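Hi,

Here is the structure I promised to pass on. Have a look at it first, and then read my notes below.

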Amino acid sequence: MVGTPAILRTESPHVCQCHDPHDQLLANLRWYCQLRWIVVLIVTAYALTSISFSGCFQRIGLVAPVYWPLHLAGLLVLANLGYLAHIRRITKPEDSRPGRMNLWVQIVTDLILMSIAVHIAGSQETHIAFSYVIHIALACIFLPRQQSFVVTMIALVLYTAVITLEISGILPRSSVFITPARMPDRVHDSFPIQFLQTASVSVFWILLWFLASHLSTLTRWRECELERSNQDLQALQKNRQEHMLRMTHELKAPFAAIQANAQLLLGGYCGELSEKALELTSRTYQRCSKMSWMIQEMLQLANLETAAQKPMPAESIEIAECLRWCVTHVRQIADQRHIHIQEEIEACRTWGQVEHLKVLFNNLIVNAIVYSHENGAVEISCRYGENGAPVVVIRDHGIGIPGDKLPRIFEEYFRTDEAVKHNKDSTGLGLAIAKRVVETHGIRLSVESAIGEGTVFTLVLPAKPTEENNWRIGSQQS
Amino acid sequence: MAYILVVDDDTDFASAVETVLKSSGYEVAVENQTATAMESIRKRPPDLIVLDVMFPENSTEGFEFARKIKAEKAYKAMPILLLTAVNEKFPFGFNPADIDNEWLPISDFAEKPVDFAVLKAKVRTILKG
């Protein structure tokens with residue numbers, strides 16, 4: 001954006017220096033040059049077409065062949081090369097004068113060449129004069145209000161000068177038309193008429209400047225506000241993370257100390273305890289473990305919510321490895337309840353975060369085991385579905401979930417009456433955590449269940465990263 | 001027998017760890033601050049450091065202390081077992097630089113509350129290696 005921070009601040013008390021002005025200025029300069037290349041192409045194409053198809057041009061009433069567009073294009077090319085060479089030499093970010101000078105030279109030169117084109121094409125015979133509007137609009141977008149007004153005035157002065165010179169006969173009238181066309185309401189070239197015409201164009205351009213510059217100022221202000229809000233949010237997020245980190249420690253550390261001491265007592269490190277003392281210590285240890293696990297799950301949920309706000313690199317994951325890791329992890333619980341785990345796991349790949357997927361699968365498999373009847377079976381399968389996406393199915397034949405409660409099972413701390421009766425120790429967060437992982441990974445999860453017959457969780461995982469699941473492709477992508 | 005230095009601001013927990021490791025035949029010293037721990041290391045370099053991550057003055061003091069130790073030539077190869085109440089699988093608030101494997105100059109993690117059987121096994125493994 002052209003202008004020093006001081007100029008920007010005078011526009012509005014709310015305007016702030018949001019972007020690096022030096023980088024923004026150079027970006028604008030290069031963009032102007034790119035736009036000019038497009039104009040060169042258009043103008044050159046017109047000239048070459050008029051030369052190649054001069055007969056056609058003349059038949060439709062256009063002067064041909066014309067060489068002035070080639071001269072104009074040549075001037076634009078030389079000017080553009082000069083601007084770009086100058087831009088490459090601008091290296092000092094603290095001094096914006098060379099950049100601003102480059103921009104103003106571009107603007108004024110373009111307006112002068114534009115005026116020449118307007119004269120040659122026919123200031124009165126064509127509507128080419130409205131192309132000044134593009135310069136005014138661009139000035140409103142890239143310059144502060146005062147400076148864009150100056151550009152508008154320069155355009156007006158140049159256009160008025162062309163008209164005046166043509167009317168006074170100093171400049172011969174010119175046109176792209178063989179027989180110059182007249183606008184229906186123009187009867188003669190009298191000065192009052194020409195003055196009225198020029199004045200009305202001037203009013204239109206000034207109104208345009210007023211509207212466009214105001215909109216542009218509003219947009220810049222909104223952008224600054226958004227950027228400031230974003231920075232505030234990021235600072236808040238960072239503070240929240242630090243607070244959560246500290247809270248994690250403050251919550252878990254005391255339990256760690258209590259459990260450690262309980263282990264010392266239970267392990268006989270402090271001598272033999274009476275049976276009653278052992279029982280009480282054991283209960284203390286178990287209650288501590290449950291509290292620790294609850295804190296763990298609460299923090300996992302908070303972690304996942306934080307992770308969802310800040311996408312992490314996606315990696316290609318072998319699902320079978322995750323599932324087998326989970327099965328090893330839950331083997332002890334399964335053995336305690338004499339639950340047989342049947343695996344039909346094929347090699348399948350998905351994209352995401354491996355630790356999150358392990359938590360997801362682990363929670364579902366643990367649920368399947370815990371809510372199975374003793375000596376029951378849990379089935380875990382993984383294969384590619386018909387559309388090439390990997391499908392994981394986790395099935396148990398346990399207590400099942402009532403149909404009316406099914407929509408609520410992913411709510412935090414929600415447990416059905418049957419689940420509470422079957423297992424008092426659950427925190428009610430396992431499926432809420434699973435849901436979070438599913439949402440952040442773009443996984444389709446469906447559940448079927450019937451009381452007394454068991455529950456089936458079906459997960460359709462993404463075969464590749466997609467925009468919907470908001471993953472960035474990490475460096476591990478093959 | 002190996003000499004282990006336990007560095008943890010939680011005196012109860014540090015004392016429990018000291019008891020368990022001593023029962024396994026190790027010689028154990030405890031420091032509750034990283035500053036005094038550094039002096040202790042210089043006086044008598046341990047065979048293993050059992051180090052907490054979070055200290056009252058700094059939530060990532062453990063990481064910084066581990067890097068400080070490893071930065072000194074004499075202690076570059078000193079094994080460190082990091083104890084943390086923060087779930088290692090879900091780094092929360094730590095920078096990637098803290099938990100990136102290339103940066104993390106430790107031998108192993110153990111998550112609090114720590115099972116002493118697991119702790120003893122990890123200590124054994126690290127000292128063997």
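At 1.5 Å a residue, helix α13 of chain A (residues 430-441) should span 16 Å with its 12 residues, and its end C-alpha atoms are 17 Å apart, which agrees. The expected span is 1.5 Å times one less than the number of residues, and helices are DSSP runs (H or I, at least four residues) numbered from the N terminus. This is a predicted model, where local features need pLDDT of at least 70 and side-chain atom pairs count only at 80 or more, while totals for chains, interfaces and linings use all residues. Residues are numbered from 1 along each chain as its sequence is written, chains are lettered from A in the order in which they are written, and side-chain values use heavy atoms, without hydrogens and water.

Gly442(A) follows α13(A) and has a positive phi, near 70 degrees.

Now to the two chains. The contact (heavy atoms within 4.5 Å) takes 27 residues from chain A and 29 from chain B. Together they bury about 2,500 Å², 66% of it on carbon and sulfur atoms; this is the accessible area (1.4 Å probe) lost on being put together, summed over both. Between the chains there are zero salt bridges, meaning a side-chain nitrogen of Lys or Arg within 4 Å of a carboxyl oxygen of Asp or Glu.

Best wishes

Notes. Helices (H or I, at least four residues) and strands (E, at least two) are DSSP runs, numbered from the N terminus. Buried area is the accessible area (1.4 Å probe) that two parts lose on being put together, summed over both.
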